[in-house]
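Keep the structure open while you read.

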Amino acid sequence: MTETTEKIKCLIIGSGPAGYTAAIYAARADLKPVVYTGLEMGGQLTTTTEVDNFPGYPEGVEGPKMMEDLKAQAERFGTEVRFGTVTKVELSKEEGGIHRAEIDGNKWVEAEVVIVATGASAKYLGLESEQRLRGGGVSACATCDGFFYRDQDVVVVGGGDTAAEEATYLAKICNKVTLLVRRGEMRASKAMQKRVMNTPNLEVMFHTEIDEVLGDKTVEGVRVVNNQTGEKKVIDVTGVFIAIGHKPNTELFEGQLDMDESKYLITKGKSTKTNLPGVFACGDVQDKEYRQAVTAAGSGCMAALDAERYLAGLE
Ligand SMILES: Cc1cc2nc3c(=O)[nH]c(=O)nc-3n(C[C@H](O)[C@H](O)[C@H](O)COP(=O)(O)OP(=O)(O)OC[C@H]3O[C@@H](n4cnc5c(N)ncnc54)[C@H](O)[C@@H]3O)c2cc1C
């Protein structure tokens, strides 16, 4: 049951680079944004150490520190950042309609505009050793972390297009890449498979899964198992890249916002507009292509500008 309802102008769901950047722009445009952070305050970058490719940090920056900076910048212009999770939404289909969001199952907010920035979570294998060594050699993003493994040996896990792309990308940086494919063939497109097979320092092992990631504080190797024969062997590597897909955080919007076949939110043309007036989406939740902090931040800016123009158009 509803306990209280609060009226606000601009609700931002999510506190990653997209949400905080949307907040900076929305606050400066006097939309008085309220950000609900979700359980992962600061988003995915709080799970990583060094971020080397976000413009403006010539020496690199720790992920959590960068997200603290973005939060402080949003707050400087009056953004209210609240720790809480949106548990339900009732989005209006009408131009100028009021959108309702339930917070932590016990309170509702009513907003004139909503900016969805709930991100997409990388899928992991679920091994204890993999989780323990996340940030210590286990990564889900070759573009982000590949540079740290220059001239070293790494494995990539996965058989789809993303895995093929990550493996060939890493092959340009690393000494040797071993691609571990669970099935007897890859799901990647024929063109991508060809690229994989034509890369000299890239070896593919089919029917192969990780049994355990080895190492105490950092990765020292992986023990793999052939799922046909049961044979196990150790591969000495310093990096393990998991490339088995992402899951956009969109369950909340099921049946209300248009999604593609992988459940990413669909935005119109080059804008951040969703199928509903006054609801905008930015960051990884609507982007399965680039998935970088800077692109998420860029689309957060776009969402705030789209929201501002939408409200101005109503007046
Ligand atoms: C280990 C790792 C390292 C990375 N390194 C880099 C790097 O070096 N450089 C780079 O550019 N990119 C890097 N990335 C990618 C980058 O983190 C993402 O592209 C970026 O964080 C996406 O931003 P976002 O704001 O769209 O979503 P996210 O950062 O995923 O944030 C989503 C936010 O939504 C919130 N949320 C979700 N559901 C709800 C809800 N129901 N209610 C309220 N809030 C909700 C979450 O709590 C979170 O705050 C890395 C990713 C990982 C996993």
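A residue is near a molecule or strand if one of its heavy atoms lies within 4 Å of it. The model is predicted, so to speak of local features a pLDDT of at least 70 is needed, side-chain atom pairs count only at pLDDT 80 or more, and totals for chains, interfaces and linings use all residues. Residues are numbered from 1 along each chain as its sequence is written, and side-chain values use heavy atoms, with hydrogens and water left out.

## The ligand and its shell

Start with the ligand. There are 32 residues around it, and Thr37, Glu40, Asn53, Asp284 and Ala293 come nearest. The shell divides into 13 nonpolar, 16 polar and 3 charged residues. Here Ala, Val, Leu, Ile, Met, Phe, Trp, Tyr, Cys and Pro count as nonpolar, Asp, Glu, Lys and Arg as charged, and the others, Gly among them, as polar.

Helix H1 (17–28) and helix H7 (293–314) each supply at least two of its residues. Helices (H or I, at least four residues) and strands (E, at least two) are DSSP runs, numbered from the N terminus.

Next come polar contacts. A polar contact is a pair of N or O atoms within 3.5 Å; within protein, one must be able to donate a hydrogen and the other to accept it, and residues adjacent in sequence count only if both atoms are side-chain atoms.

| Residue | Atom of the residue | Distance to a ligand oxygen |
|---|---|---|
| Serine 15 | polar side-chain atom | 2.8 Å |
| Proline 17 | backbone N or O atom | 3.3 Å |
| Alanine 293 | polar backbone atom | 2.8 Å |

How much of the ligand does the protein bury? Taken alone, the ligand exposes 1,000 Å², and the protein buries 93% of that. Accessible areas come from the Shrake-Rupley method with a 1.4 Å probe; for residues, only the protein chains shown count as cover.

## The chain as a whole

Now step back. The chain has 7 helices and 19 strands. Its radius of gyration is 21 Å, close to the 20 Å that the globule rule gives for 315 residues, so the chain is as compact as a globular protein of that length. That radius is taken over C-alpha atoms, and the globule rule is 2.2 Å times the number of residues to the power 0.38. Along its principal axes, the C-alpha trace spans about 65 × 40 × 35 Å.

Of the 315 residues, 51% count as buried. Buried means under 20% relative accessible area, exposed over 50%, and partly exposed in between (1.4 Å probe, protein chains only).

Two strands pair if DSSP finds at least two bridges between them.

Follow the pairs across. S10 and S17 are joined by 2 bridges, and valine 138 stands opposite valine 240 in S17. Strand S11 (residues 153–157) joins S17 through 4 bridges. Valine 156 stands opposite phenylalanine 241 in S17. Strand S12 (residues 176–180) is joined to S13 by 4 bridges, and valine 177 has leucine 202 as its bridge partner in S13.

In a regular strand the side chains alternate between the two faces of the sheet. Are the residues on the faces of strand S17 (residues 239–242) buried or exposed? Gly239 and Phe241 on one side are buried, and so are Val240 and Ile242 on the other.

## Loops and a helix

Most residues other than glycine have a negative phi. Lysine 32 has a positive one, near 50°. Lysine 32 sits in the loop between H1 and strand S2 (33–36). At 53% relative accessibility, lysine 32 is exposed.

Histidine 207 also has a positive phi, about 50°. Its loop runs between S13 and strand S14 (208–214). Histidine 207 is partly exposed, at 25%.

Glycine 159 lies in the loop between S11 and helix H5 (161–173). Glycine 159 is buried, at 12%. Glycine 159 and phenylalanine 206 are 47 residues apart in sequence, yet 9.1 Å apart in space, C-alpha to C-alpha.

Finish inside helix H5, where threonine 168 lies. At 6% relative accessibility, threonine 168 is buried. A polar atom of its side chain lies 2.9 Å from the backbone oxygen of alanine 164. The backbone oxygen of glutamate 165 lies 3.0 Å from a polar side-chain atom of threonine 168.
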